[in-house]
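Have a look at the sequence and model below. The notes after it walk through one annotated site.

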Amino acid sequence: MTATLEQRLDAFRRLDDVKMTFARRDWFPGTSGNLSIKIADTPLQFAVTASGKDKTKLSPEDYLIVDQDSRPVDATALKPSAETLIHAVVYKKFAQAGACFHVHTVWNNLISELYFGHRAFSIQGQELIKGLGIWEENARITIPIVENYADIPTLAIAIEKVITPEVPGVLIRNHGIYAWGGNDFEAKRHLEAFEFLFEYHARWLQLRQAAVSTTPN
């Protein structure tokens, strides 16, 4: 069923809330990043950020509705974010996904570069792993890392191959993270948990190195 006007406006309002929250954290440098919320399953339709917009501001032309092929469902001069294909991959692979957020931060870029050789980053025993809905004692998570292909269809294929329902995120080397959830609240929680874990680990590495450097011989 095609999304109603009310569903579209509700998705735009919720995207506004998420966008301004992330903007206050400086997670959209240089108009980077993109956000989406699914509004219909059959056929797949989702609201997504328009390309090239300043995400620190609100305007009537911040979002548009696209279909499963990432094409606008209505005649519009707006263009969807270049990486809309990746959002579509997430929604097609995980029917339960209702929102998908992509941001560029210093911490996720550092982690993606540090651990690209392993094609994944793992962390264990951190409380914020529970923010990903994983409650096991001393839980360990592994988030995949893919190469930053300039060709978006190639990047989308690479992401589709490695993402799993157990860990709701994927890193792109020296680029950023995609995180998703059953709705916008859950996707936001997942993204915040990932960013905490990345920053914690990077700072821990710095402190460990400093401690080693100052240890007397």
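This is a predicted model: local features need pLDDT of at least 70, side-chain atom pairs count only at pLDDT 80 or more; totals for chains, interfaces and linings use all residues.

Residues are numbered from 1 along each chain as its sequence is written, and side-chain values use heavy atoms, with hydrogens and water left out.

An unreviewed UniProt entry puts "domain: Class II aldolase/adducin N-terminal" on residues 13–202. That stretch is 32% helix and 23% strand, with its end C-alpha atoms 34 Å apart. Helices (H or I, at least four residues) and strands (E, at least two) are DSSP runs, numbered from the N terminus.

The unreviewed entry also marks H102 and H104 as "binding site"; such annotations may be inferred rather than shown by experiment.

H102 sits in strand β4 (residues 99–103). Is H102 buried or exposed? H102 is buried, because its relative accessible area is 0%; buried means under 20% (1.4 Å probe, protein chains only). Setting aside residues up to four places away in sequence, H102 touches F28, G33, N34, L35, E83, H175, G176, I177 and Y178. Contact here means heavy atoms within 4.5 Å.

H104 is in the loop between β4 and α3 (106–114). Beyond its neighbours within four places in sequence, H104 contacts residues including W27, P29, S32 and N109.

Two side-chain polar contacts (N or O atoms within 3.5 Å, one able to donate a hydrogen and the other to accept it) are worth a table:

| Side chains | Polar contact |
|---|---|
| H102 and E83 | 3.1 Å |
| H104 and H102 | 3.1 Å |

Key: Buried means under 20% relative accessible area, exposed over 50%, partly exposed in between (1.4 Å probe, protein chains only).
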